[in-house]
Amino acid sequence: MTMPPNTSDLAPSRQLKVSIGGIQKLSLVDYPGHVAVALFLSGCNMRCGYCHNPELVLPERLAPSIPVDEVMIFLKSRVGRLDGVVISGGEPTVNEDLPELCRMIKELGFDIKLDTNGTHPDIVRGMVKEGLIDFIAMDVKGPLEKYVEIAARPIDLEAIKENVRLMIDSGIDHEFRTTIVREQLEVSDFEKIGDLVKGAKRFALQHFRTGTTISPKFANYHTFTDEEFREAQKIMERYVGECVIH
């Protein structure tokens, strides 16, 4: 990371249409190879029952928004000490001024990792083309025929496929990941998931863990057994460069 020549005047010239619902001031695990800050943007166009961030998703429970200028002041204080910013959610791409927020962060010299559900490939493509993103992580909810059920919202499946190919073809570092709820997915589903993300660098199989979730019924749901995780991993290893279990 190189320090920019001038970091003295990076406050937004107008009120950005970005809702920052939370900030993690130090993360060693969210951005591979980086010591990072994580920003959590509010708002989401999905309602996945297993989601652990209802305060970033449900309109009636949204966390108070942190002013962008306060976040930028904090980031400026970390120039030279941290090297990455993770932009997560919620779903960051539902925020109209996400690209402008990324421009401001880039002016400080940070690398940016974007976490997305893949529903707005046009926004992602524009940011990739402009050089605003250095790493992209996308949640793959399941095989395409189960997307609407898992996301609990109408989903443009063509947009999902487009975002997947955009990530793989961009040359940018990337990771796909699936949170596994046994009541929603079967091991055999990973043949179709693998075909969807064929050629990807990295795929993560994530344990579903109970706790605070958007849907209360998920308190009684389960994840795969260790054996089932290994079976799914073997399937995915035929399609992607690396498959890990989290």
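Which side chain meets that of Lys106 in a salt bridge? The partner is Asp134, with 2.6 Å from N to O; a salt bridge here is a side-chain nitrogen of Lys or Arg within 4 Å of a carboxyl oxygen of Asp or Glu. This is a predicted model, in which local features need pLDDT of at least 70 and side-chain atom pairs count only at pLDDT 80 or more, while totals for chains, interfaces and linings use all residues. Residues are numbered from 1 along each chain as its sequence is written, and side-chain values use heavy atoms, with hydrogens and water left out.

**The sheet**

- The model contains an open sheet of 8 strands in the order S1-S2-S3-S4-S5-S6-S7-S8, with mixed pairing; two strands pair if DSSP finds at least two bridges between them. The edge strands are S1 and S8 (242-245), each of which pairs on one side only. From one strand to the next, the twist averages 20°.
- Strands (E, at least two residues) and helices (H or I, at least four residues) are DSSP runs, numbered from the N terminus.
- Strands of a sheet pair through backbone hydrogen bonds, either parallel or antiparallel.
- Strand S1 (residues 20-27) pairs with S2 in the antiparallel sense over 5 bridges, and Gln24 stands opposite Ala38 in S2.
- S2 and strand S3 (residues 84-88) run parallel and are joined by 5 bridges. In S3, Ile87 stands opposite Leu39.
- Strand S2 (residues 36-41) is largely enclosed by the rest of the structure, because 5 of its 6 residues are buried. Buried means under 20% relative accessible area, exposed means over 50%, and partly exposed lies in between (1.4 Å probe, protein chains only).
- Strand S4 (residues 111-116) and strand S5 (residues 135-139) pair in the parallel sense over 4 bridges, and Asp115 stands opposite Ala137 in S5.

**Helices against the sheet**

- In helix H2 (residues 68-77), the residues Val68, Val71, Met72, Phe74 and Leu75 are buried. Seen down the axis of H2, these buried residues fall within an arc of 160°, so they line one face of the helix; the arc is that of the directions from the helix axis to the C-beta atoms.
- An α-helix has 3.6 residues a turn, so residues three or four places apart point the same way.
- The buried residues of H2 pack against S1, S2, S3 and H3, where contact means heavy atoms within 4.5 Å.
- Helix H8 (residues 226-236) lies across strand S6 (173-180), strand S7 (202-207) and S8, and runs at about 165° to S7. Axes are lines fitted to C-alpha atoms, for helices over the stretch in contact, and angles run from 0 to 180 degrees between N-to-C directions.

**Salt bridges**

- A search of the whole structure finds 17 salt bridges.
- The side chains of Lys106 and Asp134 form one of them. This pair links distant parts of the chain, 28 residues apart: Lys106 is in helix H3 (residues 98-107), and Asp134 is in the loop between helix H4 (121-130) and S5.
- Lys106 is partly exposed at 24% relative accessible area, and Asp134 is partly exposed at 25%.
- Arg202 forms a salt bridge with Glu175, their closest N and O atoms being 1.9 Å apart. Because Arg202 lies in strand S7 and Glu175 in strand S6, the pair ties together parts that are 27 residues apart in sequence.
- Arg202 counts as partly exposed, at 22% relative accessibility, whereas Glu175 is buried, with a relative accessible area of 7%.
- The side chain of Arg202 also meets that of Glu242 in a salt bridge (3.4 Å, N to O). Glu242 lies in strand S8 and Arg202 in strand S7, so this pair ties together parts that are 40 residues apart in sequence. The relative accessible area of Glu242 is 39%, which makes this residue partly exposed.
- Salt bridges that share partners join Lys113, Asp115, Asp139 and Arg177 into one network.

**Leu62 and its surroundings**

- Leu62 is found in the loop between helix H1 (54-57) and H2, and is partly exposed, with a relative accessible area of 38%.
- Not counting residues up to four places away in sequence, Leu62 touches Ser42, Gly43, Glu55, Leu56 and Val57.
- Leu62 and Glu186 are 124 residues apart in sequence and 33 Å apart in space, C-alpha to C-alpha.
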